[in-house]
Amino acid sequence: MNRWQFFVTHRADILQATATHLSLVAISMLIAIAIAIPLGMFIVQRPALRSIALGVASIFQTIPSLALFGFLIPIPFIGGIGTRTAIVALVLYAILPILRNTYVGLTGIDPAILQAAEAMGMTSNQILWRVRLPLALSVILAGIRTATVITIGVATIAAAIGAGGLGTFIFRGVAMVSDAVILAGAIPAALLAIMADALLALLERHLKVT
Amino acid sequence: MPGNGEQYDVRSCFSMVSIETTANTNLLKLMESTIQFRDATYSVNRNPPLTVVSGILLDVHAGETLVLLGRSGSGKTTLLKLINRLLEPQSGAVIVQGRPTTEWDPISLRRRIGYVIQEGGLFPHFTVAENIALVPTLDKWDPPRTVARVQELLNLVGLDPKQFADRRPYQLSGGQRQRVGVARALAADPPILLMDEPFGALDPVTRSEIQREFSELAQRLGKTIVFVTHDLREARRLATRIVLLQGGHIVASAPPQDFLNIDHPEVRAFAASLDPLPNAPPSAPEVPGARV
């Protein structure tokens with residue numbers, strides 16, 4: 001079978017899988033952002049919690065992705081077979097880069113600016129929201145960008161626990177020993193990652209404060 | 001862009017500006033805006049504790065420009081931070097407008113005290129106008145009043161509001177940034193102004209221009225100003241009184257015209273720094289303990 005013929009004959013399936021893949025990534029990223037950025041803002045003001053939060057987030061990052069999916073299956077409520085489990089695992093992976101960049105961005109502000117803010121009579125909350133956060137935005141976005149690219153890749157493995165997406169073709173292609181079928185999953189996944197990276201890089205440059 | 005707001009006639013600039021104070025309120029401010037150090041000591045909590053300043057006894061009179069002079073590490077900046085409660089004394093007291101700083105709510109204390117640091121410490125993500133409007137915004141002034149005040153202040157520091165209000169700090173020269181820093185500190189018309197080596201990063205020409213303008217401005221506004229510097233030339237130019245610090249202690253205090261007559265080794269060391277000639281009289285010996 002011609003390699004590209006498979007693309008043409010299965011284009012509807014591939015598009016469908018790409019859409020599923022994208023929605024898995026989008027939902028996971030939204031949840032990860034909603035957890036990691038507030039958590040990062042929280043630990044900036046409570047240094048005692050910093051190493052705990054970053055440590056736990058790092059541990060999830062070190063678990064091989066296939067193993068993490070496996071571990072989650074028997075857990076009640078968040079586990080099982082399907083989309084929900086996949087999203088939980090993807091969120092756990094995406095948290096660390098966002099959390100770490102949020103923390104680094106918020107703490108890496110020029111001390112002279114922070115001292116001026118404090119001396120002008122800003123409360124620590126005002127300093128956090130009006131000074132630290134806006135100045136950290138491009139660093140936080142860099143974390144979101146890294147996390148998005150990772151999540152697009154890891155999401156292919158979610159097919160192993162029945163969450164669908166482009167991984168479906170990859171697993172099927174491996175089983176069938178067919179390059180064409182593997183590529184039908186791999187190429188769109190790679191394209192998605194490249195496009196997401198470029199788009200977010202553009203946004204990041206736009207937000208950077210000179 | 002050379003010259004934008006950098007060169008201009010000082011007299012014409014200041015004469016056009018109306019200052020937001022009448023004689024009466026000025027007098028009222030003069031009476032309340034004093035700072036007193038009562039045997040204040042501050043040390044860093046280390047083992048063994050490192051004393052940064054100790055036994056400080058100092059009255060800052062209303063309306064004077066008091067310059068704290070000293071080498072790096074002599075405790076000048078620490079004294080400044082004790083005034084707006086960025087630091088608290090371990091013993092003794094620092095009294096601002098009749099109340100020890102430890103009894104002030106730090107936020108409301110700081111909003112009554114203007115603060116200027118090197119390069120202005122401007123917020124890079126704010127425009128010039130937003131930077132100047134910082135304290136009015138925090139104090140929730142209504143927008144028209146804030147806008148008018150920003151215009152007034154830009155004129156006061158010699159920057160054309162039309163040209164500069166919407167710029168960001170990175171689009172300004174060092175001298176312009178410093179002017180904006182001064183304008184921001186003056187925004188809510190605080191009776192006290194603290195300045196920590198504000199002109200230290202400027203080139204010598206711009207620096208002396210700004211010093212000249214600032215000393216005129218200081219006289220006109222009648223603020224109580226505490227100014228930190230390690231530059232005797234700058235101190236003599238701006239001060240109504242120079243207080244010399246060495247190793248966390250006050251070692252000399254005098255009006256600028258009498259300062260060099262004081263018989264103290266550290267005064268002589270600073271006096272020697274004024275003379276750039278290599279065959280100048282031998283400088284005073286390095287005083288042990290001058291650096292902390």
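1. Chain B of this predicted model has 13 helices and 10 strands; helices (H or I, at least four residues) and strands (E, at least two) are DSSP runs, numbered from the N terminus. Of the 292 residues in chain B, 42% are buried, meaning that 20 or more other C-beta atoms, placed from the backbone, lie within 10 Å of a residue's own.

2. For chain B contacts with a separation of 6 or more, 69% link residues 24 or more positions apart. A contact here is a pair of residues whose C-beta atoms, placed from the backbone, lie within 7 Å.

3. Chain A comes to 9 helices and 0 strands. Taken along the principal axes, its C-alpha atoms fill a box of roughly 70 × 40 × 20 Å. Buried residues are 40% of its 210, and residues 24 or more positions apart supply 74% of its contacts with a separation of 6 or more.

4. Helix α5 of chain A is worth a look. This helix covers residues 83–107 and reaches 36 Å from first C-alpha to last, close to the 36 Å expected at 1.5 Å a residue; the expected span is 1.5 Å times one less than the number of residues. Of its 25 residues, 20 are buried, so α5(A) is mostly covered.

5. Do check A:Ile95, where α5(A) bends by about 30° and A:Pro97 follows within four residues. The bend is the angle between axes fitted to the seven residues ending there and the seven starting there.

6. On conventions, residues are numbered from 1 along each chain as its sequence is written, with chains lettered from A and ligands numbered from 1 in the order in which they are written. Because the model is predicted, local features need pLDDT of at least 70 and side-chain atom pairs count only at pLDDT 80 or more, while totals for chains, interfaces and linings use all residues.

How values were computed: Buried ≥ 20, exposed ≤ 12 C-beta atoms within 10 Å, placed from the backbone. Contact = placed C-beta atoms within 7 Å.
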